[in-house]
Every structure is written in structure tokens, then in C-alpha cells.
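Here are my notes for you to read alongside the model. Keep the sequence and the 3D view open, and find each residue as it comes up.

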Amino acid sequence: MIFYDKVTKIYGGGFPALEDITLEVDPGEFVSIVGHSGAGKSTLLKMLFAEVVPTEGAVYFGSREIAGLSSAELRKLRRKIGTIFQDFRLLPMKTVYENIAFALEVAGNSDEDIEADVPHVLDLVGLPDKMWSFPGQLSGGEQQRIAIARAIVNQPDVLIADEPTGNLDPINTRDVVEILKKINDLGTTVLLATHNKSVVDSVGRRVVTMDQGHIVRDDKMGKYIL
């Protein structure tokens, strides 16, 4: 499904953020990408939706090279990829329902589909009673679960989670990890970038370890080892 073919990324100043990366991710995998800050985790993930393009090499989604897609094709690709981040990125003046519905509206869904899909996805993340709350009325853990709901409401093939527990306490961290595992069990490929050892160890699935722009380990059923 996802293939990085000898990918290098050099930002201004000439220092490589990624160097000669080759990585393949199969459909339905849960892959934790670990390493210290600056290891290249976020750069690697941003290439999947063309926020960052390789300096050398190529990134493929399915059979298509991402850098070769037209603007229309790239928009279609991005609908297949859900993203969540450390800082939630909810719209503060919109309710939970409106935040999730907005993602559906952008994708061109009908009002009837939106009315059916929003409650369903809120059930999945365990917050059906927060539909008409505003983000400022929610805890950090609840906000991240709403961000997950928004990311998966269009049923993406891939969910990218870039340090999703970085602002959360251990209890909310555990809840978010369990939701990510549930989403993966339903068939969505999950790519989790984190430097949280307990998160990676609790997932207990494939672990790709990065250091200074290189992949230094790739364990099929691994733990966080640096």
C-alpha cells in the first residue's frame, strides 16, 4: 500500500532530514515510528500527503507515485488519509458535531449521510454525549478523541497519528491508544509517530526506529528500543 523507495529529504542548509529511506507498509498494519525529536518521523509522514516532497527517491501510495499526482488526484488521495496531531486542531467556535460534520461537508457528503455518520463515529470514540459541546468545554483527552473521530469519519484507508498523546496524561493516553488499536482492528492502516515508550510497548505491533534520518531497526512485533 505505502512504499518509500530510497527517499532522501534535504531542507535548507543542506542537512538531510531523511537519508536513503526504504520502507514498505502493508494494508491493515499498525506501525509505530519511533525516535528522538529530529529523527525524521514527521518528515516521513508528511510525505504521504505531499506536505513535504522528497529531494531524492519516490513515495508511492498504492501503485501511484505521490509526487506525480495532479492537484485533483492529490485531493482525492488526501481523502484516503486521516490525520491527527498533538495539538488537536479543533475549530473552537464550532460544536463537536459541527467539527466532525465539517470534514464530511468538505468531502461532499449529503446532509442525510452527515446526520447518520457523526453519531456513529462519536460512539466509536466513546463520546456520544458530547455532540453539542464546544472544544473548550472538553478535557484534553476528550478533544483528542474528537480529533480522531473527525479524522476517521470519511473512512480513510490510512490514519496518521503524529505524537497524538504528547499533551495527554497517562489515563487519557491509554484511552487514545486503545481507540487507535480498535480502528486498526476494523481494517484501517495506522501509522503512529511517537517518542513515548509506554505507548509503543502497549501497542505491541510493528516498530520502526529512526535515528538522525535513518531507519535503524524494523521489528515486526517490537518494543521501543533506542
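1. Start with T8. T8 has a relative accessible area of 9%. The cut-off for buried is under 20%, so T8 counts as buried. Bear in mind that this is a predicted model.

2. Where does T8 lie? T8 belongs to strand β1, which covers residues 2-10.

3. Now look at T173. T173 sits in helix α6, residues 170-185. Is T173 buried or exposed? Its relative accessible area is 7%, so T173 is buried. Setting aside neighbours within four places in sequence, the contacts of T173 are T165, L168, N196 and V199.

4. Next comes a loop residue. S133 is placed in the loop between α4 and α5, the latter being residues 140-152. S133 is buried because its relative accessible area is 15%, and the limit is under 20%. Leaving out neighbours within four places in sequence, S133 is in contact with T95, V96 and L138.

5. D117 is 16 residues away from S133 along the chain. The C-alpha atoms of S133 and D117 are 17 Å apart.

6. Turn to the surface charge. Which residues gather in the patch of negative charge? They are E98, E105, D111, E112, D113 and E115. Helix α3 (96-106) and helix α4 (111-124) each provide at least two residues of this patch. Helix α4 contributes the most, with four residues.

7. Take E105 as one member of that negative patch. E105 is in helix α3. Its relative accessible area is 48%, so E105 is partly exposed. Exposed would need over 50%.

8. There is a nonpolar surface patch too. L91, F102 and V106 make this patch, with an area of about 260 Å². F102 is located in helix α3. Why does F102 count as partly exposed? Its relative accessibility is 40%, and partly exposed lies between the buried limit of under 20% and the exposed limit of over 50%.

9. E105 of the negative patch lies in helix α3. F102 of the nonpolar patch is also found in helix α3. Locate both residues in the 3D view.

Key. Residues are numbered from 1 along each chain as its sequence is written. This is a predicted model: local features need pLDDT of at least 70, side-chain atom pairs count only at pLDDT 80 or more; totals for chains, interfaces and linings use all residues. Side-chain values use heavy atoms; hydrogens and water are left out. Patches are made of residues with over 30% relative accessible area and no salt bridge: like charges are joined within 9 Å, nonpolar side chains (Val, Leu, Ile, Met, Phe, Trp, Tyr) within 5 Å. Accessible areas come from the Shrake-Rupley method with a 1.4 Å probe; for residues, only the protein chains shown count as cover. A salt bridge is a side-chain nitrogen of Lys or Arg within 4 Å of a carboxyl oxygen of Asp or Glu. Lys and Arg count as positive and Asp and Glu as negative; His and the chain ends are not counted. The place of a charge is taken as NZ of Lys, CZ of Arg, CG of Asp or CD of Glu. Buried means under 20% relative accessible area, exposed over 50%, partly exposed in between (1.4 Å probe, protein chains only). Contact means heavy atoms within 4.5 Å.
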